[in-house]
Amino acid sequence: MEKVLITGGAGFIGSHFARRLLRCDDVAQVTVLDALTYAGSVENLGEAMLSPRLSFVPGNILDAPLVERLTRKHTAIVHFAAESHVDRSFYDTGNFLTTNVLGTYTLLEAARKARIDRFVHVSTDEVYGPLMIGQATETDPVRPSVPYAASKAASDLVALSYFQTFDLPVCVTRSSNNYGPRQHPEKIVPLFITRLLKGHELTLHGHGQHIRNWLHVEDHCHGIELVLRDGTPGEIYNIGGGTDLTSKELTGILLRMFDAGWERVRYIPDRASNDLRYAMDWSKTAALGYRPGRDLKAGLTETVDWYRNNPDRWAPLLRTTPEAPKPFHHPM
Ligand SMILES: NC(=O)c1ccc[n+]([C@@H]2O[C@H](COP(=O)([O-])OP(=O)(O)OC[C@H]3O[C@@H](n4cnc5c(N)ncnc54)[C@H](O)[C@@H]3O)[C@@H](O)[C@H]2O)c1
């Protein structure tokens with residue numbers, strides 16, 4: 001736990017994690033490597049940018065020489081950088097495969113050459129695909145439905161193969177849906193909050209029947225920190241234990257927080273491959289000391305307050321139009 005390289009640390013979860021590590025006395029140095037795509041901003045790191053223990057490096061995880069140079073100076077990597085929005089993966093699939101699979105491979109290669117002490121690859125419950133009943137355990141097969149989840153599943157498998165083949169001390173974490181301050185407003189919780197703040201309508205897919213497990217971002221980061229410190233190399237750790245809600249139930253909670261009624265909601269046809277339910281057993285991570293501690297209503301209230309108080313941070317992002325993928329010449 002001396003020198004930690006965080007990829008994607010200017011994004012939503014990575015920036016919470018970087019701030020968290022800077023509160024740990026045994027972490028000497030945190031370096032954030034981030035390409036600052038539409039989803040990343042140094043503002044997410046806030047006052048952490050002033051810390052002498054934080055270095056920010058603008059750069060792409062596909063840039064092998066840069067990644068190798070950085071990796072040699074660190075003892076651990078926590079890998080968040082990814083294309084993360086499911087809807088975008090339908091029309092920008094190549095970018096998801098390039099960033100999420102080839103980018104992860106580029107990091108793993110650098111980590112192998114540098115003989116890094118620990119590599120935590122951050123992944124998602126979506127790789128398990130939909131479950132009608134029961135909960136996914138870490139030994140279940142992956143059955144991703146959408147290109148985003150397929151790209152994450154592929155990167156998980158490549159990461160685990162580096163443990164099997166090269167003895168690289170890789171752990172994979174798989175978390176349920178996160179919410180909290182500073183999430184990009186394309187994701188459902190901030191999308192609905194910002195629309196409610198602006199007096200606009202909300203649109204719900206299908207009948208609002210899709211079930212997701214909502215986990216506060218700080219609970220997720222706690223789980224990742226435990227895996228970073230005490231996870232067994234070669235193992236997968238599910239990080240769940242938030243609150244299960246249908247999208248209609250989530251909408252109802254947010255409407256009540258704004259004293260708004262259901263006339264603000266319009267139902268639209270369901271999107272392709274919208275998995276009905278995700279659910280995970282997280283007892284393996286609990287054995288490391290993990291317990292999700294944030295109450296959903298308190299967490300959502302804190303989140304709404306952040307968006308209410310920081311319109312300058314999210315209003316410009318609402319105007320972000322889908323970008324053409326930026327070509328990156330991979331040197332391999
Ligand atoms: N948001 C969730 O609910 C959730 C749940 C489970 C797992 N995850 C995983 O957690 C990780 C972080 O998710 P998030 O919601 O914070 O995503 P995010 O989209 O908010 O942030 C991603 C960050 O990665 C950076 N990035 C993208 N491509 C890059 C590249 N080629 N090189 C360097 N940096 C690059 C972006 O600039 C951004 O700062 C992802 O791997 C995602 O799959 C997210």
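**Close-up views of a parallel sheet and its helices**

**View 1. E4, helix H3 (residues 93–114) and E5 form a right-handed β-α-β unit.** Here, right-handed says that, with the strands pointing away from the viewer, the path from the first strand over the helix to the second runs clockwise. Helices (H or I, at least four residues) and strands (E, at least two) are DSSP runs, numbered from the N terminus. Please keep in mind that this is a predicted model, in which local features need pLDDT of at least 70 and side-chain atom pairs count only at pLDDT 80 or more, while totals for chains, interfaces and linings use all residues. Residue numbers start from 1 along each chain as its sequence is written. Four bridges link strand E4 (residues 76–79) to E5 in the parallel sense; strands count as paired if DSSP finds at least two bridges between them. Across from alanine 76 you will find arginine 118 of E5.

**View 2. E5 runs parallel to strand E6 (residues 170–175), and six bridges join them.** Look for threonine 124, which sits opposite serine 175 in E6. To get from E5 to E6 the chain passes through helix H4 (residues 147–166), in a β-α-β crossover that is right-handed.

**View 3. Strand E5 (residues 118–124) is largely enclosed by the rest of the structure, because seven of its seven residues are buried.** Buried residues have 20 or more other C-beta atoms within 10 Å of their own, with C-beta atoms placed from the backbone. In a regular strand, side chains alternate between the two faces of the sheet. On one side of E5 are the buried Arg118, Val120, Val122 and Thr124, and on the other the buried Phe119, His121 and Ser123.

**View 4. Seven strands make an open sheet with parallel pairing, in the order E3-E2-E1-E4-E5-E6-E10.** Strand E3 (54–58) and strand E10 (236–239) are at the edges with a single partner strand each, so one side of each has no neighbour in the sheet. From one strand to the next, the twist averages 20°, taken between N-to-C directions of axes fitted to C-alpha atoms, with angles from 0 to 180 degrees. Strand E2 (residues 29–34) pairs with E3 in the parallel sense over five bridges, and valine 57 in E3 is the bridge partner of leucine 33.

**View 5. Helix H2 (residues 64–71) has Val67, Leu70 and Thr71 as its buried residues.** Seen down the axis of H2, they fall within an arc of 95°, so they line one face of the helix; the arc is that of the directions from the helix axis to the C-beta atoms. Their cover includes strand E1 (3–7), E2, E3, E4 and H3, where contact requires C-beta atoms within 7 Å.

Methods: A residue is buried if 20 or more other C-beta atoms lie within 10 Å of its own, exposed if 12 or fewer, and partly exposed in between; C-beta atoms are placed from the backbone. Two residues are in contact if their C-beta atoms, placed from the backbone, lie within 7 Å.
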